[in-house]
Each structure stands twice: as structure tokens, then as C-alpha cells.
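Thanks for coming. I will keep this short and go through one chain, element by element. Please have the sequence and the structure open while I talk.

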Amino acid sequence: MSAKPASWIGASVERLEDRPLVTGQGRFAGDVSFPHQLHMRIVRSAYAHGRLRAIDTAQARALRGVVAIWTAADIADLSPIDFREGPNEKLAPFRQPVLARDMVRYAGEPVAAVFATDPYVAEDAADLVEVDIEELDAVTDASLPVSEFAAGLTTEPTICRQGYGDIADAFKQAATVVELDLSVGRHSGVPLETRGAIGRYDAARDVLELHGAAKVPHKNRESLARMLGRSTAGIHLYEGHVGGGFGIRGEIYPEDILVLVAAMRLGRPVKWLEDRREHMIAANHSRQQRHRIRAAVDAEGRLIGIDDDFFHDQGGYIRTHGTRIADTACGILPGPYRLPHFRVNGHFRLTNKTPAATYRAPGRYETNFVRERLMDAIARELGLSRIEVRRRNLISPDEMPYERPLVALGDEVVLDSGDYAGLLDKALDRCGWDELERKVRARREAGEYVGLGLAMYVEKSGLGPTDGARVNVHTSGEVEVITGGASVGQGFETVIAQVCADTLGVDYRRVRVVHGRTDRIEYGIGAHATRATVMTANATAVAAAKVRDKALDMAAQLLQADAAQLTIADGNVMRRDGAGATIGLGELAHHLRPVSPTRGERDPGLAAEGWFTTDHMTYPYGVQIAQVALDAGTGAVRIEKMLIAFDVGRAINPMLVRGQLVGGFVQGLGGALFEEFQYDERGQPLSVTFADYLMPTAHEVPEVDILLAEDAPSTCNPLGIKGAGEGGVAAVGAVIASAVDDALGGKGLITQIPITPQAVKAMIDAQRN
């Protein structure tokens with residue numbers, strides 16, 4: 001790092017967490033082992049839907065090294081996996097059992113668990129388990145009429161409904177009605193490190209441990225304690241390094257339950273590591289929705305109302321997130337536009353596919369695609385430019401905070417601050433839109449298939465209500481921040497250290513951030529919903545300010561000065577005018593030991609807790625612009641230019657924000673052009689390897705121009721922060737679809753993602769013929 005910045009907040013300093021990772025010292029789930037441990041292997045259903053008639057484990061049990069084989073009968077006392085936010089009577093019958101009972105509902109569902117002394121023995125034994133299943137017809141299309149899930153239950157557990165205004169009157173007023181049928185494909189996070197879980201029971205302390213936890217250790221501890229009938233003090237989760245999070249990691253899966261129960265009942269640590277095929281068929285899928293949406297528009301292209309019916313493909317069971325994605329989709333769909341009337345019905349449907357849950361920007365990636373396709377269609381219908389129709393509908397800065405009678409993630413939607421039109425202008429100017437349009441038009445006239453795409457969106461972040469942190473200065477002078485946050489690769493340790501350092505007056509490299517350990521702090525929000533930096537950083541600032549005040553108070557006594565005359569810099573307390581002696585924070589901590597004669601009436605220790613509570617989420621926002629070229633011979637889509645303009649309120653570390661945005665873009669590109677979990681008519685998964693499930697590589701990823709804005713600091717927290725974790729991915733499907741459609745003549749041909757080469761080539765061939 002170059003010279004010390006004037007402020008740690010806002011400085012693009014290097015990441016603290018990189019050294020162990022780049023030197024091979026990281027500790028991932030696969031690196032965790034305990035003496036005398038067993039290895040678990042899961043036997044999975046080969047059928048998507050069927051009646052479970054018998055499981056024969058005799059041959060497998062005879063294999064040397066096999067310690068136990070469990071079916072549902074062996075764990076009949078365990079309830080199905082519960083919802084993270086607590087009981088839900090209506091949805092409870094649709095939860096997933098830890099091991100299949102009587103029925104199987106997706107190919108890959110766990111039906112038995114093998115425990116052996118060696119992972120290879122466990123795998124061989126699993127192959128010898130004979131599972132007799134009577135195959136039934138599979139449901140593979142969530143938009144078809146509902147069918148029976150079980151006696152008295154249909155495949156539509158609920159319909160998520162939101163809206164306001166008079167939607168019927170909106171369409172009576174309309175000068176134009178635009179209707180679209182749009183689909184988003186099934187894809188998900190595919191981290192390089194597959195899932196892993198290691199359970200250990202310490203009988204001497206009566207403590208059950210789960211290693212390999214991620215994302216929401218404290219929340220998961222509460223759920224696991226409920227399921228296993230233990231106190232939260234008797235179960236602890238430990239987060240190591242994580243090879244990619246993205247929403248998919250942090251779920252409570254059947255395997256997490258099994259390693260814990262087995263560790264207690266078999267009296268030995270139990271380790272399970274997922275292979276790639278298992279990940280493809282068993283870990284959460286996401287995204288798949290079909291929207292039948294229509295807009296009522298006046299003669300000038302202003303929205304009067306939007307009416308949307310969408311079908312959410314949840315797969316075989318409802319997992320821990322419940323209906324969160326469909327709910328969020330309902331609440332966030334209107335985006336940055338003024339919308340007088342709105343109605344949405346989200347049909348939450350079960351099919352015979354892998355269960356679905358959150359994936360980076362859940363509910364927003366889908367609805368941004370849908371809404372922005374609609375805005376392009378309105379422009380086309382009225383003969384307006386895509387920019388003009390958006391500009392006429394944008395919420396203006398003087399309307400902020402903008403209350404919208406909707407709910408997202410259980411939070412009333414109040415857009416806290418923003419200058420949407422201002423960011424649009426900046427983005428257009430940055431990319432030189434007018435000149436790009438001229439050049440693209442010229443290339444198209446010469447026979448090329450080239451197009452420009454535009455998408456605008458509002459993200460959400462900083463979900464409350466509360467987070468806490470503890471800051472402790474050791475007598476060595478080292479500062480420790482203990483948080484219930486989590487690190488899934490986003491640079492959490494660095495930004496929290498920067499906030500603490502800036503508030504306290506130390507070098508951020510002297511701050512050790514402890515996270516992902518439920519035995520170090522009682523409460524934590526983890527890292528999800530783009531909330532970690534907003535919530536934990538503000539809590540850390542409160543705690544660090546308290547420590548600073550205590551240090552100045554102690555130093556004032558020792559330096560015989562007024563505390564108001566003192567300041568802290570580089571870990572030393574000194575007079576603001578630079579005169580006189582200084583004293584280090586470590587020495588002050590020494591004076592504040594319980595036995596110190598200089599402590600006086602002060603509480604022992606140079607430490608403090610800080611809490612931050614908020615009523616509403618924050619709403620960062622963005623503009624994405626893409627230029628694409630289509631290969632008429634193969635249908636391949638090449639991204640020629642990509643701009644992400646994003647207002648983050650206040651960037652703690654601009655370099656890390658840019659990294660988040662670029663990384664998010666790459667994932668969004670996968671969903672736009674490449675990635676899709678496909679099934680045949682029997683519900684058999686067809687995407688089970690990286691040969692079937694295509695992901696973007698460095699070859700497909702263009703250089704991404706990032707325009708990072710801080711024009712609208714959040715009014716919801718003292719630091720003014722808005723989150724960036726999902727801002728890069730949220731609108732990529734929308735902007736790529738817009739650009740490809742433009743390249744094909746702007747006729748509204750792109751109605752679904754991913755946009756495959758086969759589909760593009762067919763459209764080009766159809767135009768030529």
C-alpha cells in the first residue's frame with residue numbers, strides 16, 4: 001500500500017483476508033478433520049417422483065468399514081427441515097424430510113446415509129444400497145394447472161399477492177396496453193468449493209459443533225437447536241474460508257442435520273463433502289419464473305399501472321427460505337419508476353425438480369429482466385426512444401424518500417434517497433451513447449447484427465433490524481472486532497477493519513476481525529441480503545466510538561489533560577496541538593485491567609459493544625449499458641462493451657465495491673447467455689456436469705467499465721452506506737436481453753433467458769428467410 005490515506009473509510013486499501021488465501025493457507029471445509037472421524041455418503045433417488053417401496057442395505061452393511069446406514073426409519077424422531085424465520089403452519093406440510101419418507105419428489109433427494117471409516121468405502125457401500133421406487137408422473141412445468149402434492153394438498157401451497165391502487169381503472173384509462181409473456185431460466189450459484197459439513201460432539205462439554213458453516217451461522221444455530229432439541233448454548237457453528245457463497249451456501253440442507261445427529265449417536269466426528277454431480281442435483285437451484293405481465297400506459301408513455309401473474313418454480317420442497325424469493329419479486333418489481341397502480345400475483349408452485357431458494361439478487365434478477373423488457377416494449381409501441389420512456393417515468397430526487405405501499409423481505413418499501421435521472425445522464429455520457437448508436441446503426445446497415453441495451457434498476461440492501469459488534473483493545477495494542485457477520489469472499493474483514501480503524505484512530509492492519517463463530521458472540525446477522533457492510537459496519541462504528549471515548553478519558557487522567565484536547569492517531573493518544581507526551585492504546589488497556597490501581601471507578605477493559613438498529617432497508621440503484629454483436633453463423637453473442645453505473649451511497653472501499661460489481665456481472669452473464677438446469681419430461685436432470693451446465697469463462701467476459709457514484713448517501717444509517725453485493729448481477733439479464741433484441745431489429749423477440757446460440761441463430765435464419 002502507498003502512503004496512509006487521510007481516512008480509512010473511502011480508501012481502496014488491500015484486502016486483509018488475501019494473504020492466507022494466496023499462500024495456500026486457507027482453511028476450507030475439506031481442510032477440517034478430526035481424529036477417529038467417520039465419512040458420510042448419501043444415497044439419492046434416481047427418480048424425480050415416486051413412491052418409496054423398500055430400501056435394502058444388507059449388502060452395503062456387510063462391507064468392511066461400514067459403521068452404520070440410516071434410512072428415514074432410523075431418524076423418525078427428526079422433524080422435516082424447518083424455516084429459518086420460524087414456524088409457518090400453512091407451508092409446513094411442504095418441508096423437506098431429512099431422508100425421504102414414503103415418497104421421493106426430485107431426482108437426487110436423499111433416501112439413505114452411509115457412515116464408514118473411509119470416504120471411498122462409504123461411496124462403494126452407497127452403490128450397494130438397493131432402492132425400490134415406483135415411478136410416478138413428474139410435474140416439470142410450474143405454469144401448468146395445479147395438481148396433487150399429497151392428500152388434501154395441491155402443488156400450489158400459496159399465492160404471494162401484493163398491490164395498491166385500482167388496477168382495473170388503470171387499464172380503463174390506458175391509451176395503450178402492452179402485454180408480454182417472459183421467462184427466466186433455472187440456474188444458481190455454482191461455487192468452486194462444493195458444500196461440506198463436519199459434525200463433532202464434545203460429550204465432556206455437551207457441545208455439538210458444526211464446521212463448514214457459512215453465511216448465517218447464528219440464524220442456522222437457532223434453527224438447528226430447535227430441530228435437535230438443544231439449547232443454543234449447546235451448539236456452535238464455525239465458519240472457515242468459503243469458496244463462493246452467493247446464497248446457495250448457508251442453507252440448512254439434509255446433510256447438515258445428518259452429520260450432527262450422527263456425531264452424537266455414533267460418538268465420532270462425521271465428515272461429508274459433496275461432489276460436483278451432487279452439487280448440481282441437490283444444492284439449491286434458483287430463478288425459474290414465468291411472468292405474464294401487462295402495462296397500462298398513457299399516450300406519452302407514462303405508466304398508469306402494471307398487472308403481473310407469475311409462476312415461481314420452487315421444485316420438490318419448500319426449504320428454509322420459504323417464499324422469500326416470490327415475496328421479494330412482488331415487492332421490488334416496480335423498480336425506479338413511478339407507478340400509480342400495481343397488482344401482482346406470484347403463484348408459488350411445486351414441481352419435481354431440485355428445490356429452489358435464494359441466489360445472488362433473488363427476485364431482482366428476474367423482475368429487472370421482466371420490467372425492463374416491458375419498458376423496451378412500451379418504447380417500441382409508442383415510437384419513443386428507450387431512454388425517453390424511462391426518463392418520463394423515473395422517480396425524481398425531490399420525491400425522496402419515496403414510500404411505496406409494498407413489502408420486500410418483510411420490510412416496508414421506502415426508497416431512501418436517489419437521483420435516478422442523474423445517474424442515467426452520467427452513464428449515457430460515460431459510454432457516449434449517441435455516438436455508440438450512430439456507429440451501431442452504421443454497422444447494422446452494413447449487414448452486422450449489433451445492438452445496444454439499457455437497463456435501470458433499484459437494488460435493496462441493509463436489511464435490519466439490528467446488528468451488534470464488540471471492539472476490544474488488547475494490552476499489546478492490537479484491536480479485535482468480534483462480530484456475528486460472515487465472510488463469503490466479499491472483503492468483509494477489510495471493510496469492518498477500515499471502519500473500526502477510522503473511528504478509533506488506528507491502522508486498519510492492526511485490526512483483527514473475528515466472525516463466523518457462534519461461540520464468540522451471541523448474536524449475528526451473517527452475510528446475506530447485501531446487509532453485512534451496512535449493518536455490521538454501523539454497529540462497529542458505534543462500538544469503536546465508545547472505546548475511543550473510554551481511551552481518551554483514561555488518557556486524560558494519565559496525561560493530566562482535558563479529554564477534549566486529546567485525539568488518537570496511529571494508535572496513540574496525544575494532544576491535538578501535538579505538544580506533550582503520548583500514550584498508546586495498548587498501554588491504556590494495561591491501565592484498565594481489573595487489578596490496575598489507575599483504573600479508578602471505570603469498568604475493566606478497553607472494550608465496548610455497539611449496536612445499530614434500523615427501520616428500513618437502503619436502496620442503491622444502477623444503470624447498465626451493453627453493446628453486443630451476434631454471430632449470424634453460430635448464434636453466439638459477444639459482449640463488446642459493458643458499463644455498470646451504480647450509486648452505493650458511500651463506498652467504504654471503492655476497489656472492493658468495483659470488484660463486487662464486476663464479479664456480479666460475470667454471474668449475471670451466465671444466467672443471461674449460458675447457465676440453465678435442464679430436465680427431461682420425466683424430471684431427470686440433464687445438467688449434471690460442467691459439460692452440460694455452461695458457465696462463462698475469462699474468454700466470454702469483456703472488460704467492464706464501472707462508474708461508481710456516491711451522490712445519494714443513505715438516510716437510514718449514520719455512515720450513509722448502501723450495499724453493493726448484488727448490484728452487479730441484478731440487471732445483467734435485462735441489459736443483455738435488451739441489447740440482443742436491439743441487434744435483431746428491436747422487435748421484442750427476446751422473451752426468455754438464457755439466450756442460447758440456437759435461439760439466436762433460429763431468429764436470424766427466420767429473418768433472412
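First, the ground rules. This is a predicted model, in which local features need pLDDT of at least 70 and side-chain atom pairs count only at pLDDT 80 or more, while totals for chains, interfaces and linings use all residues. Residues are numbered from 1 along each chain as its sequence is written, and side-chain values use heavy atoms, with hydrogens and water left out. When I say helix or strand, I mean a DSSP run, H or I of at least four residues for helices and E of at least two for strands, numbered from the N terminus.

Let me start with the annotation. An unreviewed UniProt entry lists residues 23-137 as "domain: Aldehyde oxidase/xanthine dehydrogenase a/b hammerhead". UniProt positions are in the numbering used here, feature names are shortened, and annotations may be inferred rather than shown by experiment.

Strand 2 (residues 50-56) and strand 6 run antiparallel and are joined by six bridges. One of the bridge pairs is Gly50 with Glu135 in strand 6.

Angles here run from 0 to 180 degrees between N-to-C directions, and axes are lines fitted to C-alpha atoms, for helices over the stretch in contact. Strand 21 (residues 466-473) pairs with strand 22 (residues 479-483) in the antiparallel sense, over five bridges. Val473 has Val479 in strand 22 as its bridge partner.

Now the helix pairs. Helix 5 (residues 217-228) and helix 6 (residues 254-266) have axes that come within 12 Å and cross at roughly 55°. They are therefore oblique to each other; angles under 35 degrees count as roughly parallel, over 145 as roughly antiparallel, 65 to 115 as roughly perpendicular and the rest as oblique. The contact brings Leu224, Met227 and Leu228 of helix 5 against Ile257, Leu260 and Val261 of helix 6. By class that contact has six nonpolar, no polar and no charged residues. For the classes, Ala, Val, Leu, Ile, Met, Phe, Trp, Tyr, Cys and Pro count as nonpolar, Asp, Glu, Lys and Arg as charged, and the others, Gly among them, as polar.

For helix 16 (residues 654-674) and helix 17 (residues 732-743), the axes come within 8 Å and cross at roughly 55°. This pair is therefore oblique as well. Phe665, Gly668, Leu669, Ala672 and Leu673 of helix 16 meet Val732, Gly733 and Ile736 of helix 17. That contact has six nonpolar, two polar and no charged residues.

Helix 8 (residues 324-332) and helix 9 (residues 364-382) pack at about 40°, their axes 9 Å apart. Helix 8 contributes Ile325, Thr328, Ala329 and Ile332, and helix 9 contributes Arg364, Glu366, Thr367 and Arg371. By class, this contact divides into three nonpolar, two polar and three charged residues.

Last, the backbone. Where are the cis peptide bonds that I want to show? One runs from Met400 to Pro401, with omega near -5°, and Pro401 sits in the loop between helix 10 (386-393) and strand 18 (402-408). Another joins Gly464 and Pro465, with omega about 10°; Pro465 is in the loop between strand 20 (449-458) and strand 21. Leu409, not a glycine, has a positive phi of about 55°, and is in the loop between strand 18 and strand 19 (411-415).

That is the tour.

Terms used: Contact = heavy atoms within 4.5 Å. Pairing = 2+ DSSP bridges.
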